[in-house]
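Visitor: I have a structure open here and would like to walk through it. Can we start with the overall picture and then go to single residues?

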Amino acid sequence: MITTGLLASFCSFSVKFIDDIPKEPCIFVANHKSILDPIALIDALDRRVFFLASKDLYKIPILNLILNTLETIPIKKNSADVSALKKAIKMLDDGRSIALFPEGGISLSKGVKKIYKGAMYLSYKSGFPIVPVGISGTDVVLPMGEYLPHSGKISVTVGKSIYPDLSLKKAELLENMKNAVVNALNELTNFHSK
């Protein structure tokens with residue numbers, strides 16, 4: 001991929017798979033520390049993914065062009081955007097995989113603390129698994145507020161799939177999956193810190 005060449009020109013890039021990625025459509029969720037994270041996620045996976053992206057990002061002219069070219073799904077921040085979620089469910093049902101950053105934007109905190117339940121809802125409604133992905137080093141290579149990359153190492157760890165337990169009531173299922181995703185993302189990102 002072109003993006004792999006771009007990353008390789010200023011940093012090392014490695015990918016580790018804890019388990020095989022299911023062949024079926026998946027909902028990939030990753031921690032978010034840098035604007036490089038979508039590129040790292042795309043380069044780590046063996047399939048095309050369609051991102052959910054904040055509607056605010058579409059206000060930036062060049063980013064608007066890129067997001068539309070990539071067929072991303074615009075989603076309203078800080079709300080249950082039913083229209084966007086329906087589009088994502090349709091894509092999953094059509095055999096496409098979805099990717100999103102459940103923290104809702106770039107987080108400067110250490111570890112993943114709070115996430116939105118959109119990914120869990122997509123899994124609940126579609127029955128498809130969530131695949132957690134830990135991304136490390138992007139915040140060093142391209143820190144928040146900077147636009148020129150530094151040399152460094154980006155590591156991506158793709159974790160074990162988390163399937164929805166459809167025998168549970170909706171609220172319990174969403175909460176259990178949310179806790180599992182937070183724990184998985186923190187474990188996957190700490191994996192590279194050791």
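Predicted model: local features only at pLDDT ≥ 70, side-chain atom pairs only at ≥ 80, totals over all residues.

Visitor: What is the phi of Glu-71 like?

Guide: Glu-71 has a positive phi of about 60°, although it is not a glycine. Most residues other than glycine have a negative phi.

Visitor: And how exposed is Glu-71?

Guide: Glu-71 is partly exposed, at a relative accessible area of 37%.

Visitor: Back to the whole thing. How many helices and strands are there?

Guide: The protein has 7 helices and 7 strands. Read from the N terminus, the order is α-β-β-α-β-α-β-α-β-α-β-α-β-α.

Visitor: What about the radius of gyration?

Guide: The protein has 16 Å, which agrees with the value near 16 Å for a compact globule of 194 residues. Along the principal axes, the C-alpha atoms fill a box of roughly 50 × 40 × 30 Å.

Visitor: How much of the protein is buried?

Guide: Buried residues make up 45% of the 194 residues. The accessible surface comes to about 10300 Å², and 58% of that belongs to carbon and sulfur atoms.

Visitor: Which share of the contacts joins residues at least 24 apart?

Guide: That share is 71%, counted among contacts between residues at least 6 apart in sequence.

Visitor: Charges next. How far apart are the mean positions of the positive and negative ones?

Guide: They are 5 Å apart, for 24 positive and 18 negative charges.

Visitor: Now helix 2. Which of its residues are buried?

Guide: In helix 2 (residues 37-44), the buried residues are Asp-37, Ala-40, Leu-41, Asp-43 and Ala-44. They cover an arc of only 165° around the axis, so they sit on the same side of helix 2.

Visitor: What is Ser-34 in contact with?

Guide: Leaving aside neighbours within four places in sequence, Ser-34 is in contact with Ile-106, Thr-138, Asp-139 and Leu-142. As for Gly-134, its C-alpha is 13 Å from that of Ser-34, and the two are 100 residues apart in sequence.

Visitor: Where is Pro-164, and is it buried or exposed?

Guide: Pro-164 is in the loop between strand 7 (152-158) and helix 7 (170-191). Pro-164 counts as buried because its relative accessible area is 12%, and the cut-off for buried is under 20%.

Visitor: Which residues does Pro-164 contact?

Guide: Beyond neighbours within four places in sequence, the contacts of Pro-164 are Ser-123, Tyr-124, Gly-127, Phe-128, Leu-173 and Met-177.

Visitor: Last one, Ala-80. Where does it lie?

Guide: Ala-80 is in the loop between strand 4 (73-75) and helix 4 (82-93). Ala-80 counts as exposed, at 64% relative accessibility.

Visitor: And how far is Ala-80 from Lys-117?

Guide: The C-alpha atoms of Ala-80 and Lys-117 are separated by 9.1 Å, and the two are 37 residues apart along the chain.

Definitions and conventions
Residues numbered from 1 in each chain as written. Heavy atoms only, no water. Helix = DSSP H or I, 4+ residues; strand = E, 2+ residues; numbered from the N terminus. Rg over C-alpha atoms; globule rule 2.2 N^0.38 Å. Buried < 20%, exposed > 50% of the residue type's maximum accessible area, 1.4 Å probe, protein only. Contact = heavy atoms within 4.5 Å. Areas by Shrake-Rupley, 256 points an atom, 1.4 Å probe, with all protein chains shown as cover. Lys, Arg positive; Asp, Glu negative; His and termini not counted. Charge placed at Lys NZ, Arg CZ, Asp CG, Glu CD. Arc of directions from axis to C-beta.
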